[in-house]
Amino acid sequence: FRSPRERTVLLPLGLGIAVVLHMTWNGLITMSMSLSGGVGGLIMVLDMMVMLGAFASVFGLHQLALWQESRVIATELSRLEEEGRLPNGQAKHLSSWSTRAFKRGWAPAGVDRDRYIKSTTLLAFRLHQSNQRPDLPFYAEDAQRLERELQVVLGRTQQAGQTARPSSSSD
């Protein structure tokens, strides 16, 4: 969820990096095929090292994105816990992909676990987006809708006037 200015810089930068990697891959493969003997093999090894580095970079960026998403979920859902709109201890479980995927028994009893995970994580992202872009009312309105949906999933009745409000945090 980036600003228009960041997207203007990051999208062409990403495209440029992809083009350079593709050019490097093709250039090194072509050189290794045209040269005979040890030099061609050395260039082939260099090519494989470049691609391994590219893979490691993409994998690292993916892990960074997952960490950032986990932090957003934990921040927003912790605030809902503090306000009593989410059962205590749930933010910790919902912000951990490994707990959501492998651990059993952490979700409230009698709740559809998959629907609960989907509604809480989407609510956390909408609250975060609402904080980042208060000029766009869609995010705040959708957060209110998602909190009503969460209360239905939890089997709670929505009290009048109790709606999701964007947090004051800037994460």
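A contact here means heavy atoms within 4.5 Å. On that basis, among contacts in the chain between residues at least 6 apart in sequence, 52% join residues at least 24 apart. The model is predicted.

**Overall form**

The chain holds six helices and zero strands. Its pattern along the sequence reads α-α-α-α-α-α. The radius of gyration is 23 Å, whereas a compact globule of 171 residues would have one near 16 Å. Along the principal axes, the C-alpha atoms fill a box of roughly 75 × 40 × 20 Å. Of the 171 residues, 29% count as buried. The accessible surface comes to about 10900 Å², and carbon and sulfur atoms account for 63% of that surface.

**Confidence**

The average pLDDT of the chain is 85, and 91% of the residues score at least 70. Residues 157–171 are another matter: over this stretch the pLDDT is below 50. Beyond near neighbours in sequence, the stretch still has 32 contacts in the model. Where pLDDT is low, predicted coordinates should not be read in detail.

**Salt bridges**

Side chains of opposite charge can pair when their charged atoms come close. A search of the whole structure gives eight salt bridges.

Salt bridges that share partners join Glu76, Arg79, Glu83, Arg85 and Glu147 into one network.

Glu76 and Arg79 both belong to helix 2 (residues 38–82). They are three residues apart, about one turn of the helix. Both are buried. Is Arg79 buried or exposed? Arg79 has a relative accessible area of 13%, so it falls under the 20% cut-off and counts as buried. Glu83 has 35%, so it lies between the 20% and 50% cut-offs and is partly exposed.

**Aromatic pairs**

The structure contains four aromatic pairs. In one of them, the ring centres of Trp106 and Tyr116 are 6.2 Å apart, and the planes meet at 40 degrees, so the pair is tilted. This pair also links distant parts of the chain, ten residues apart. Trp106 lies in the loop between helix 4 (97–102) and helix 5 (113–132), while Tyr116 lies in helix 5. Both Trp106 and Tyr116 are buried.

Phe138 and Tyr139 form another pair, with ring centres 5.2 Å apart. Why does this pair count as edge-to-face? Its planes stand at 70 degrees, which is over the 60 degree cut-off, so the pair is edge-to-face. Phe138 is partly exposed at 45% relative accessibility, whereas Tyr139 is buried at 16%.

Definitions and conventions. Residues numbered from 1 in each chain as written. Predicted model: local features only at pLDDT ≥ 70, side-chain atom pairs only at ≥ 80, totals over all residues. Heavy atoms only, no water. Salt bridge = Lys/Arg side-chain N within 4 Å of Asp/Glu carboxyl O. Helix = DSSP H or I, 4+ residues; strand = E, 2+ residues; numbered from the N terminus. Buried < 20%, exposed > 50% of the residue type's maximum accessible area, 1.4 Å probe, protein only. pLDDT = per-residue confidence, 0-100. Phe/Tyr/Trp six-rings, centres within 6.5 Å; stacked < 30°, edge-to-face > 60°. Rg over C-alpha atoms; globule rule 2.2 N^0.38 Å. Areas by Shrake-Rupley, 256 points an atom, 1.4 Å probe, with all protein chains shown as cover.
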